[in-house]
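Subject: Structure for you to look at

Hello,

Here is the structure you were going to look through. My notes follow below it.

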Number of protein chains: 2
Amino acid sequence: MTHTPHPLSEKHAQTLAEARAALAARSFYSRYPESPSPRVYGEDAASHGRSAFEGLLGEGFPGLGDQPTDGSFAGSEVSPYGPRLRVRYPRLDVDAAVAAAQAAMPAWRDAGPLTRAAVCVEVVDAINKRSFEIANAVMHTTGQPFVMAFQAAGPHAQDRALESVVAALVEQERVPESVVWEKPAKDAPIRMQKDYRIVPRGIALVIGCNTFPTWNGYPGMFASLATGNPVIVKPHPRAVLPLALSVALARSVLREAGFDPALVQLAAEDDGEGLARELAERPEVAIIDYTGGPGFGAWLEREAAGSGKLVYTEKAGVNSIVVDSTDNLRGVLGNLAFSLTLYSGQMCTTPQNIYVPREGIDTDEGHLSFADFGERLGGAIGRLNGDDAKAVELLGATVNEDVRARAGALEALASRVGGSLVLDSRAVNHPTYPDAVVRTPGLVAVDVADDTAYTQECFGPVTFLIATDSTEQSLERMRDTIREHGAMTAAVYSTSEKVLDQARDAAADAGVALSENLTGQVFVNQTAAFSDYHGTGANPAANAAYVDAAFVANRFRVVTSRRHV
Amino acid sequence: MTHTPHPLSEKHAQTLAEARAALAARSFYSRYPESPSPRVYGEDAASHGRSAFEGLLGEGFPGLGDQPTDGSFAGSEVSPYGPRLRVRYPRLDVDAAVAAAQAAMPAWRDAGPLTRAAVCVEVVDAINKRSFEIANAVMHTTGQPFVMAFQAAGPHAQDRALESVVAALVEQERVPESVVWEKPAKDAPIRMQKDYRIVPRGIALVIGCNTFPTWNGYPGMFASLATGNPVIVKPHPRAVLPLALSVALARSVLREAGFDPALVQLAAEDDGEGLARELAERPEVAIIDYTGGPGFGAWLEREAAGSGKLVYTEKAGVNSIVVDSTDNLRGVLGNLAFSLTLYSGQMCTTPQNIYVPREGIDTDEGHLSFADFGERLGGAIGRLNGDDAKAVELLGATVNEDVRARAGALEALASRVGGSLVLDSRAVNHPTYPDAVVRTPGLVAVDVADDTAYTQECFGPVTFLIATDSTEQSLERMRDTIREHGAMTAAVYSTSEKVLDQARDAAADAGVALSENLTGQVFVNQTAAFSDYHGTGANPAANAAYVDAAFVANRFRVVTSRRHV
């Protein structure tokens with residue numbers, strides 16, 4: 001079928017063209033400036049964003065008033081920095097929401113891929129304009145420090161959203177709308193016109209996480225929406241606000257563009273209500289994107305995937321680094337200290353296991369024993385976090401009791417696993433938020449043989465320095481633990497091309513992305529939209545990657561009609 | 001990593017280029033001539049093929065001698081035309097086969113997408129050269145008539161195989177091997193080299209069916225192989241020989257090209273051994289392609305997909321036709337009679353439900369009542385199958401006892417479902433194979449309200465003429481039964497553009513491909529590689545389509561390594 005061009009298609013034509021080209025080339029591309037500078041976002045943007053955020057507190061959340069609701073409210077968010085947010089969200093009437101989503105689908109389907117993509121860009125643009133407000137919401141639900149909450153949950157998440165939209169568009173555009181097929185035959189050729197129609201799968205469910213509600217929520221949300229599926233967003237009960245703002249903006253843009261806002265709905269709940277499971281079990285739900293703990297993730301992979309639904313998960317893993325040698329020890333230590341410090345190690349990409357030969361490593365500052373290396377890394381972490389006021393701007397606040405308990409018991413952990421405490425996690429006083437629990441990274445040294453602790457995810461500011469027989473053994477252990485327990489990231493430090501080659505092979509065997517010799521301003525925790533995949537889908541940490549063809553290609557189907565011409 | 005070019009890459013460069021272009025344009029393309037004419041395949045091709053087939057009978061199957069085996073043999077095929085084949089296949093030692101497949105994987109992975117594609121084309125070319133031999137093997141395992149066994153199981157299946165290879169290649173080529181990423185920064189840009197490495201999922205299992213062992217077996221087999229995964233082919237116990245020949249040829253080509261033949265292995269079994277389940281439960285098996293009955297298909301979708309394996313299934317459905325009106329009644333009747341007759345309705349694409357308004361239809365021969373239409377269609381089927389010797393060349397032989405029992409009890413079926421017998425299935429004497437049970441199509445008329453029979457697959461020569469209140473109701477019932485029970489095909493006959501539009505919408509809602517007003521030499525049962533998708537993956541009949549991006553994109557993963565430059 002032919003699609004009537006929507007005015008937004010023209011408005012965003014150049015953006016879509018640039019983004020398409022960047023995605024194909026996997027080159028640098030960013031539509032949304034990552035700097036929170038007033039020169040970029042305007043003099044008053046920061047203060048307006050803060051005021052807007054504060055205006056939401058203690059109130060009924062606006063912008064979702066026309067969602068079908070059962071009349072009750074959810075909302076029990078407490079900032080990791082202390083205050084209760086007291087925002088009240090209307091609870092969704094699930095039956096009515098499902099019906100509304102289904103009713104909205106045909107017009108969205110028939111609008112065609114390009115209009116859907118353009119409307120999605122308009123949504124992301126609208127979200128970008130509210131980056132400071134969302135940054136405050138993210139800071140006070142996840143515990144991220146402000147600049148990170150701005151960058152990672154704002155422009156970086158927005159770039160990932162755009163990447164998802166464009167990946168979905170490109171995938172749909174690969175299918176021609178109509179062709180004439182001509183088969184040579186004896187008398188006259190057989191000619192048929194074949195029309196290919198993109199159809200959605202059904203309702204898509206996005207299940208958000210506590211630590212990265214937007215960065216991990218947008219890819220699935222926009223991939224499903226751009227391929228024609230209505231989306232129900234079920235945020236983590238402790239990080240509702242960032243996704244509520246995003247959903248409200250999406251609904252508003254959809255309405256203005258002439259579409260049914262029921263294409264994006266928010267399903268808020270309080271802790272323990274089990275709404276994710278209820279929604280996942282609905283037969284109308286065909287696609288599920290999930291980021292969160294391995295327990296519910298495994299349930300989804302088993303029950304929802306086993307019921308024929310598409311399930312994209314990111315769960316947990318043991319991110320790993322192999323240290324073999326370096327010609328830039330300062331760079332290694334600085335880079336690692338920052339990686340471990342950022343958001344108190346509460347990123348799904350933070351390194352947890354650092355493998356170092358027990359004989360030590362060669363560096364530009366001479367040979368370092370295993371103990372020396374631990375001491376130097378501990379020193380670098382200590383210096384980076386030496387000033388409380390500066391440290392909190394990197395560390396943020398701990399997100400939950402599990403993390404706090406773990407950070408406060410490293411000595412006990414070390415002795416339980418037969419290791420030794422190299423650097424304890426320090427409690428930092430937050431100058432502005434006295435109730436925030438802020439923790440610096442701790443280091444526990446263990447022998448490679450004592451593998452009970454380091455073969456499971458130990459979420460938060462805990463890193464294991466693992467003494468191995470050799471770099472060869474380090475690489476083997478890295479490969480085997482990742483194959484079995486998963487990882488989102490891996491890195492290697494070596495001056496030897498041979499070791500780097502071996503590390504690449506180990507990473508390929510383990511199915512994990514590898515960063516080599518990062519000593520500057522790129523960190524193993526970070527990936528860039530349009531160029532780096534986030535996750536590989538090839539190890540147990542995640543069954544999908546942001547954003548490859550497999551992440552989008554199955555979210556729609558193609559229905560052909562053919563006739564002689 | 002850079003890949004050393006393989007000599008076969010150059011040999012098949014033009015074929016791959018043409019096939020890439022055809023796939024993108026979905027235009028007509030065929031590499032393997034469908035005509036069994038001596039002018040195409042050579043004077044002696046038919047007789048050599050037949051001799052080669054006959055030489056296999058009663059013997060141990062050659063060409064699998066180097067597969068790991070437990071020393072025993074399987075092989076209990078009986079031709080639907082009568083004779084026992086008595087071919088003995090070495091049983092696979094599953095543990096050793098899995099180990100061999102895994103050992104073969106790294107070199108195949110590192111050969112790169114282009115070499116893998118070229119080797120696969122060489123395999124398909126080798127299979128093409130043995131088309132007559134394979135046609136005989138297909139005829140005497142499936143019961144297909146000879147010309148169909150040649151075309152559908154030979155060149156058409158080979159074109160589908162090539163389509164699968166090329167779709168896999170294109171998908172892998174979309175990922176650049178290496179890029180330099182350059183991010184603008186204050187002092188100097190940050191530059192990184194990023195290498196993207198394609199890695200396979202693991203061992204792929206192909207579970208073949210009895211009726212179309214090659215046509216339905218090749219797409220999964222070649223999609224997995226071309227994306228780097230070793231394949232274990234588990235044929236249906238009653239249709240081993242066609243896939244045994246194909247596997248032996250693949251192994252031989254792989255060996256000659258310098259690769260490990262363990263990349264393709266045959267797992268033969270006798271009825272009731274349960275080898276498919278045993279293999280599907282192996283943790284090393286990561287991908288499963290299945291064609292067959294809904295019972296085991298549903299088990300795979302539940303258990304194997306719920307264990308994180310990729311599962312592509314084609315099961316069963318209720319293929320449907322809506323007859324509204326026509327300006328070419330002769331063409332409609334001839335086309336439908338042929339569709340129903342071909343292979344005695346034992347195609348997964350054969351129409352089963354024909355919806356006709358009880359008030360009848362308008363035609364170029366005047367208004368036809370519902371009863372008139374049934375009579376005219378019955379007459380066309382009768383005429384097409386009037387001559388036994390000619391009829392068997394279209395009907396082939398019935399494949400199993402279920403089909404035979406059903407075909408022999410249409411009167412009872414009609415009265416059980418409150419309908420009436422319009423045309424009984426006739427037993428045809430095969431002039432050459434007196435033991436073959438050959439059956440013409442039967443027609444049972446039922447009211448739309450009596451939906452017990454027509455809402456399930458009734459495999460074989462049984463078609464329901466369903467009397468509806470109106471074409472509108474016909475379309476609704478078509479849509480609803482397909483949404484619930486699935487279908488591989490649908491068709492509509494109408495002179496009204498409005499009805500055709502409604503039919504397209506109903507097909508889009510049901511997720512089924514639609515053929516409109518076929519009255520010539522294209523039949524609803526048939527799809528063309530590179531242009532028509534087979535299945536949509538959007539209804540319960542099949543969760544995947546031959547061959548779209550979703551069929552190949554998830555069979556491999558991408559592992560990045562990045563470093564500053």
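A:A490 has A:L514 of β20(A) as its bridge partner. These residues belong to a parallel pairing, in which β19 (490-493) and β20 (514-516) of chain A share three bridges; two strands count as paired if DSSP finds at least two bridges between them. Helices (H or I, at least four residues) and strands (E, at least two) are DSSP runs, numbered from the N terminus.

This is a predicted model: local features need pLDDT of at least 70, side-chain atom pairs count only at pLDDT 80 or more, and totals for chains, interfaces and linings use all residues. Residues are numbered from 1 along each chain as its sequence is written, chains are lettered from A and ligands numbered from 1 in the order in which they are written, and side-chain values use heavy atoms, with hydrogens and water left out.

The sheet is open and has 10 strands with mixed pairing, in the order β14(A)-β17(A)-β18(A)-β11(A)-β10(A)-β19(A)-β20(A)-β21(B)-β4(B)-β3(B). At its edges stand β14 (420-423) of chain A and β3 (178-183) of chain B; each has a single partner strand, so one side of each has no neighbour in the sheet.

Where is A:G112 in chain A? A:G112 sits in the loop between α5 (94-111) and α6 (113-129). A:G112 is buried, with a relative accessible area of 0% (buried means under 20%, exposed over 50%, partly exposed in between, with a 1.4 Å probe and protein chains only). From A:G112 to A:S224 is 112 residues in sequence and 14 Å in space, C-alpha to C-alpha.

Regards
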